[in-house]
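Biologist: I would like to learn how to read a model like this one. Could you take me through it, feature by feature?

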Amino acid sequence: MNPVIDCSGLTLRHGPLTRLDGLDLQVQEGEVLALLGHNGAGKTTTMKLFLGLLSPSAGTLSVLGGAPDGPHAETLRRRLGYLPENVSFYEQLTGREVLTYFARLKRVGRRQVDALLARVGLAEAARRRVRTYSKGMRQRLGLAQALLGEPRLLLLDEPTTGLDPAATRDFYETVRELREGGCTVLLSSHVLPGVEPYIDRALILGAGRRLALGSLDELRHEAALPLTIRARGRWPGVDWSRGWDDADVTPRHLNGRALELGVHPAAKMTALRRLSATPGVEDIEVLPPTLEHLYAHFSTGASPQASGDAP
Ligand SMILES: Nc1ncnc2c1ncn2[C@@H]1O[C@H](COP(=O)(O)OP(=O)(O)OP(=O)(O)O)[C@@H](O)[C@H]1O
């Protein structure tokens with residue numbers, strides 16, 4: 001099956017500045033890819049190249065079977081949904097009027113408008129003016145706008161910035177439903193908490209370069225960061241933080257009832273065996289590095305073009 005996005009050596013220069021530097025990436029149908037990076041890393045630039053709003057200086061790019069900035073653009077536009085970073089609407093219009101307006105621009109039948117408002121949870125607020133909407137409601141209206149025409153590829157630029165945890169979760173649940181329907185989703189974010197369960201892979205960019213690409217498991221394997229093991233129990237008078245002379249295990253004694261170890265992945269089983277054979281230990285918890293740990297590792301470590309392209 002052809003990838004939905006396929007680029008090789010994709011580069012965008014702007015005068016002396018290289019905004020994107022030789023990106024190699026393939027995204028398959030139904031995949032959710034997170035685009036992560038500090039401010040100015042190149043996330044929006046990448047999305048704008050995929051949308052055909054910018055043309056590459058070098059490299060090749062195919063989106064849904066063609067170059068997005070060529071004659072293929074017109075077909076592509078109907079199969080593509082985009083939620084920009086700073087979405088703004090006519091404040092005096094109701095949510096329904098806003099969506100009807102965008103439906104006309106996208107030449108999509110009005111029938112979709114009410115269905116989409118219901119889908120993003122705005123059915124009851126559809127007749128209220130946008131100026132009365134909360135940040136979360138505006139983002140949901142933005143998502144409804146991006147979903148007009150039932151796109152096969154959805155590009156969401158910082159979709160959850162400013163949303164509270166419950167609204168973020170609701171937003172990502174909608175993304176999950178879309179993915180289940182076969183839609184491919186690219187979402188950029190620097191708000192990492194909450195995103196982990198909803199993505200298949202993450203692309204980490206830094207200064208326009210690919211620093212890492214892979215699923216959470218692949219990134220964990222590549223980073224080989226220590227995992228955390230927590231043991232709880234009763235061990236009056238015994239300091240279980242002692243005796244870990246293995247260089248791969250760093251004990252962090254929390255208190256008399258809980259012990260935390262930083263453990264290199266290769267030493268995991270040894271540490272678990274020892275803990276489970278220890279009298280007084282009642283519970284053991286293994287916490288792998290989170291996406292935030294991985295992001296910090298790759299975006300500070302100098303490992304450009306590090307991981308493989310396979311999904
Ligand atoms: N219109 C522009 N003209 C010139 N340079 C630009 C323009 N827009 C962005 N850049 C530069 O391109 C680089 C990548 O910016 P981009 O907006 O893609 O980053 P980003 O990862 O989306 O950042 P943020 O998280 O702040 O939105 C930065 O160095 C930025 O200053």
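**Loops, helices and a ligand shell**

Modeller: Helices (H or I, at least four residues) and strands (E, at least two) are DSSP runs, numbered from the N terminus. Residues are numbered from 1 along each chain as its sequence is written. This is a predicted model, where local features need pLDDT of at least 70 and side-chain atom pairs count only at pLDDT 80 or more, while totals for chains, interfaces and linings use all residues.

Biologist: What is the phi of alanine 207?

Modeller: The general idea comes first: most residues other than glycine have a negative phi. Alanine 207 is not a glycine, yet its phi is positive, about 50°. Leucine 64 also has a positive phi, near 50°, and is a residue other than glycine. Leucine 64 sits in the loop between strand 4 (58-63) and helix 2 (73-79).

Biologist: Is leucine 64 buried or exposed?

Modeller: The rule counts other C-beta atoms, placed from the backbone, within 10 Å of a residue's own: 20 or more is buried, 12 or fewer is exposed, and in between is partly exposed. Leucine 64 has 21 such atoms, so it is buried. Alanine 207 has 16, so it is partly exposed. Over the chain of 311 residues, 37% are buried.

Biologist: Now a helix, please. Which residues of helix 4 are buried?

Modeller: In general, an α-helix has 3.6 residues a turn, so residues three or four places apart point the same way. In helix 4 (residues 111-119), the buried residues are Val113, Leu116 and Leu117. They lie on the same side of helix 4 because they cover an arc of only 100° around the axis, the arc being that of the directions from the helix axis to the C-beta atoms. Arg111 and Ala115 are exposed, on the face turned away from that buried side.

Biologist: What do the buried residues of helix 4 pack against?

Modeller: Their partners are helix 3 (95-105) and helix 5 (135-147). Two residues are in contact if their C-beta atoms, placed from the backbone, lie within 7 Å. After helix 4 comes glycine 121, with a positive phi near 80°.

Biologist: How do strand 1 and strand 2 go together?

Modeller: Two strands pair if DSSP finds at least two bridges between them. Strand 1 (residues 5-14) and strand 2 run antiparallel, joined by seven bridges. One of the bridge pairs is histidine 14 with leucine 17 of strand 2. The two strands form a hairpin with two residues between them, and glycine 15 in the turn has a positive phi of about 60°.

Biologist: Which residues surround the ligand?

Modeller: A residue is near a molecule if its C-beta atom, placed from the backbone, lies within 6 Å of it. The shell includes His14, Leu17, Lys43, Thr44 and His190. Strand 2 (17-27) and helix 1 (43-51) are the elements that give two or more residues to this shell. Helix 1 provides the largest share, three residues.

Biologist: And how is the whole chain arranged?

Modeller: The chain has nine helices and 13 strands. Its domain assignment, where the bounds come from an automatic or database source, gives domain 1 (5-221 + 294-300) and domain 2 (226-288). The centres of domain 1 and domain 2, taken over C-alpha atoms, are 42 Å apart.
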